[in-house]
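Thanks for coming, everyone. Please bring up the structure on your screens, and let's walk through it together.

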Amino acid sequence: RVSQARGVVASAGDNAGKVLIDSNEWWTGPMEAGVRAGAAMVAQGNRYWPNRNRQDLLKAVSEIEGVPTDHIMPWPGSGDPLCRAIVTFCSPQRGLVTLDPTYEPSWETAEWLKVPLAKVALRPENNWKTDVRAMLAANPNAGVYYICSPNNPTGTLTPIADIEWLVANKPAGSIVLVDEAYIHFAGTPSAASLVAAGKDVIVLRTFSKLFGMAGLRLGLSMGRPDLLEKMMRYDGFSQSFMLSTVALATGLASVTRAQEIVQRRNEMTANREMTFAHLRQRGISYIPSVANMFIVDWKRPAKPVREAFAKQGVIIGRNWPIWPNCSRITVGSESDMRSFCKALDTVIA
Ligand code: PLP
């Protein structure tokens, strides 16, 4: 139902040969070392065996992020712990404060739970900045303050100093949920430092974006063990068994490859900046982004524009109700972005 509401396009089979810049995916597969490790694990798929790679992944992430291993929990993607955090820390007395536009599952879960929901709009006059003071004012007794940084769909960053301010001023018993799905594209400091300092912060990560593993399903939550444990309280099933051994092996072989992470970031940035130059030449407004997606303001309804792009074989992203004239565009390969620019010239003509 939610997928239909958001206009998520059909399966890749239906989109064969099309330029897919709608879902913030990486345009090729996982890193080569990841593909090799994952493929080797497929042949051992008869075994449950998740624990060794799970422990190794925790150790690797712990070293990279400076967070103890018992503060890290892997998941089949980060969408699951995102929704669980809302279920766990929100209640009829303690609602959710989120941004608008932002990644929707936080507020969709709050709506489903029927808990108080406040959305703080990102405003052009404020440079689309996350206003953490407005977030606190919107509900001084919330259970969760959700910040996606870089934000999906704007690609804008919330500086760590602002997150620190919110953590220092928020009510006791609440958490600040920092969704860092796109942080590798920005290369900026992580809120993991606040987790390491024992604050009421949960950080989410995913392997679905820069690591090219969206279909393999692997994500992480980082937080104090007492917070992470609360998120598990309704699980009768051992959490390790939710994880695919193939995804664990692929993720483990990829996460330590710092040089390839930078290479992927640089390649994406070059493609994004090339596209921005084209938009500027055509006088089309966009929001400067530090991630692999950006918002374009068509100054007319975005839905027909999306359909016009689809007719050109270019599948662009959805729009958010708060900004009906804007579309989200994912940064794809150089060739994808050249196709986007070419289709754009036809669509705006
Ligand atoms: N968080 C953000 C901000 C996202 O954009 C996405 C996916 O697009 C997710 C979380 C969930 O990703 P996954 O469940 O694939 O890790």
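**Starting from strand β10**

Let's begin with β10, residues 293-297. This strand is mostly covered, with four of its five residues buried. Keep in mind as we go that this is a predicted model.

Now, the neighbours of β10. Which strands are joined to β10 by bridges? Take β9 first, residues 285-286. Two bridges join β9 to β10, and the pair runs antiparallel. For a place to look, find Ser-285: its bridge partner in β10 is Asp-297.

Next is β12, residues 326-330. Here five bridges make the link to β10, again antiparallel.

A general point while we are on strands. In a regular strand, side chains alternate between the two faces of the sheet.

On to another sheet topic. There is an open sheet of seven strands, with mixed pairing. Read across it and the order is β2-β8-β7-β6-β5-β3-β4. From one strand to the next, the twist averages 20 degrees.

Stay in that sheet and pick out β7, residues 201-206, and β8, residues 219-222. Four bridges join β7 to β8, and these strands run antiparallel. Thr-206 stands opposite Gly-219 in β8.

How many residues surround the ligand? The count is 13, and Thr-206 is among the closest, along with Ser-78, Asp-179, Tyr-182 and Ser-208. By class, that shell has four nonpolar, six polar and three charged residues.

Let's go through some distances. At Ser-78, a polar backbone atom is 2.7 Å from an oxygen atom of the ligand. At Gly-79, a polar backbone atom is 3.0 Å from a ligand oxygen. Ser-208 uses its side chain: an N or O atom there is 2.6 Å from an oxygen atom of the ligand.

And how much of the ligand does the protein cover? On its own, the ligand has 390 Å² of accessible area, and the protein covers 92% of that.

That's the tour. Over to you for questions.

Conventions
Residues are numbered from 1 along each chain as its sequence is written. This is a predicted model: local features need pLDDT of at least 70, side-chain atom pairs count only at pLDDT 80 or more; totals for chains, interfaces and linings use all residues. Side-chain values use heavy atoms; hydrogens and water are left out. A residue is near a molecule or strand if one of its heavy atoms lies within 4 Å of it. A polar contact is a pair of N or O atoms within 3.5 Å; within protein, one must be able to donate a hydrogen and the other to accept it, and residues adjacent in sequence count only if both atoms are side-chain atoms. Accessible areas come from the Shrake-Rupley method with a 1.4 Å probe; for residues, only the protein chains shown count as cover. Ala, Val, Leu, Ile, Met, Phe, Trp, Tyr, Cys and Pro count as nonpolar, Asp, Glu, Lys and Arg as charged, and the others, Gly among them, as polar. Buried means under 20% relative accessible area, exposed over 50%, partly exposed in between (1.4 Å probe, protein chains only). Two strands pair if DSSP finds at least two bridges between them. Axes are lines fitted to C-alpha atoms, for helices over the stretch in contact, and angles run from 0 to 180 degrees between N-to-C directions.
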